[in-house]
Amino acid sequence: MPAERFEVAAEDGYPIRGGIWHADTGPVVVLHAATAVQARYYARFASWLSGQGATVLTFDYRGIGESRSTPVKDLQAGWVDWGVLDAEAVLAYAGKRWPDRALCAVGHSIGGFALGLARTSDRLDRIVTVGAQFAYWRDYDPRQRRAMYLKWHFFMPAATRLFGYFPGARLGWLEDVPRGVVRDWSRMGPRFETSVRSALDPADLAARHGATRARLLAIGLTDDPFCTEAAGQRLLDYYSGADRTHLRIAPSDIAVPEIGHFAFFHARFEQTLWPLAAAWLLSGRLLKDAPGRIVFPTG
């Protein structure tokens, strides 16, 4: 359990809730979740990272977990709202509460993209993303692409039209999801800003990531069907102003049969994968004996 609970209001007044694991010194790290994943999923990692010397904040996007203040079927929220409003509210809160400490971020899956939509991301010192991409279907693993397309780009929007939201909890597919998020996911093309529905200008959305000057470590797992090398690099291309390192890790690199899209944050990887994130967030360095291979920068 976190040591402290917090609530902040997004720019539109929507309440965003989360938890804090405290450390007396070191950076302040805001963890941005994957789609349909509650913040509590990351609690063990957050607690461990706090023990390494970072204050860690986790939070739920609107419509998810503790930030579900209204029935999810009444929410129009999409991925842009999760980044521009929700991530921004928490990053700004962390920056104001701890103004003299380095501000850092972790982003899992869409969280690695959403955090860059927040204006305050230009204050970030260091970022670690895990499996981060924005679900362009042509970047999916070719061996699973057809099945993934049918599941996420056909069945999910069809069920959403029927219920007014995606009933993920009822179906055993993680959490319920607002229909705006489903719309964004199911219609995603090679460019995020021209695929989503938003009142913001596409050029503004596209430019936000480029304002980030952080040192960014993008971790991709070779058995993750969402974050293939192409998908990971597509996301990194948005962070054009950051000092970017793209690290690809195979399960065999750490002598395990599989890791996939979600398991990085499982406690069984405390000794093998979590130190990669801690070293980068605490000191901005890649461990000398880091598993995997660097695919960007090349050479």
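Modeller: Please note that this is a predicted model.

Colleague: What is the volume of the largest cavity?

Modeller: The structure holds two cavities of 30 Å³ or more. The lining of the largest cavity includes Gln133, Phe134, Tyr136, Asp139 and Arg234, and by class it has six nonpolar, one polar and two charged residues. The volume of the largest cavity is about 40 Å³.

Colleague: Which helix gives the most to the lining of the largest pocket?

Modeller: The largest pocket has a volume of about 390 Å³. Of the 26 residues that line it, the closest to its centre are Trp152, Trp185, Phe226, His261 and Phe262. The lining comprises 17 nonpolar, seven polar and two charged residues. The greatest contribution, four residues, comes from helix H4 (residues 145–163).

Colleague: Which residues make the nonpolar surface patch?

Modeller: Helix H4 gives the most to this patch, with four residues. The patch covers about 470 Å² and is made by Tyr149, Leu150, Phe154, Phe155 and Leu171.

Colleague: Why is phenylalanine 155 classed as partly exposed?

Modeller: Phenylalanine 155 has its place in helix H4. A residue counts as buried under 20% relative accessible area and as exposed over 50%, with partly exposed in between. Phenylalanine 155 is therefore partly exposed, because its relative accessible area is 38%.

Colleague: Is valine 90 buried or exposed?

Modeller: Valine 90 is found in helix H2 (residues 79–97). The cut-off for a buried residue is under 20% relative accessible area. Because the relative accessible area of valine 90 is 0%, this residue is buried.

Colleague: What distance separates the C-alpha atoms of valine 90 and isoleucine 16?

Modeller: Along the chain, valine 90 and isoleucine 16 are 74 residues apart. In the predicted model, the separation of their C-alpha atoms is 7.8 Å.

Methods. Residues numbered from 1 in each chain as written. Predicted model: local features only at pLDDT ≥ 70, side-chain atom pairs only at ≥ 80, totals over all residues. Heavy atoms only, no water. 1 Å grid on protein atoms, 1.4 Å probe; cavity = no way out; pocket = protein on both sides within 12 Å on 5 of 7 lines; lining within 4 Å. Points joined across faces, edges and corners; volume = space filled by probe spheres on them. Helix = DSSP H or I, 4+ residues; strand = E, 2+ residues; numbered from the N terminus. Nonpolar A, V, L, I, M, F, W, Y, C, P; charged D, E, K, R; others polar. Patch = residues over 30% accessible without salt bridge, like charges linked within 9 Å, V, L, I, M, F, W, Y side chains within 5 Å. Areas by Shrake-Rupley, 256 points an atom, 1.4 Å probe, with all protein chains shown as cover. Salt bridge = Lys/Arg side-chain N within 4 Å of Asp/Glu carboxyl O. Buried < 20%, exposed > 50% of the residue type's maximum accessible area, 1.4 Å probe, protein only.
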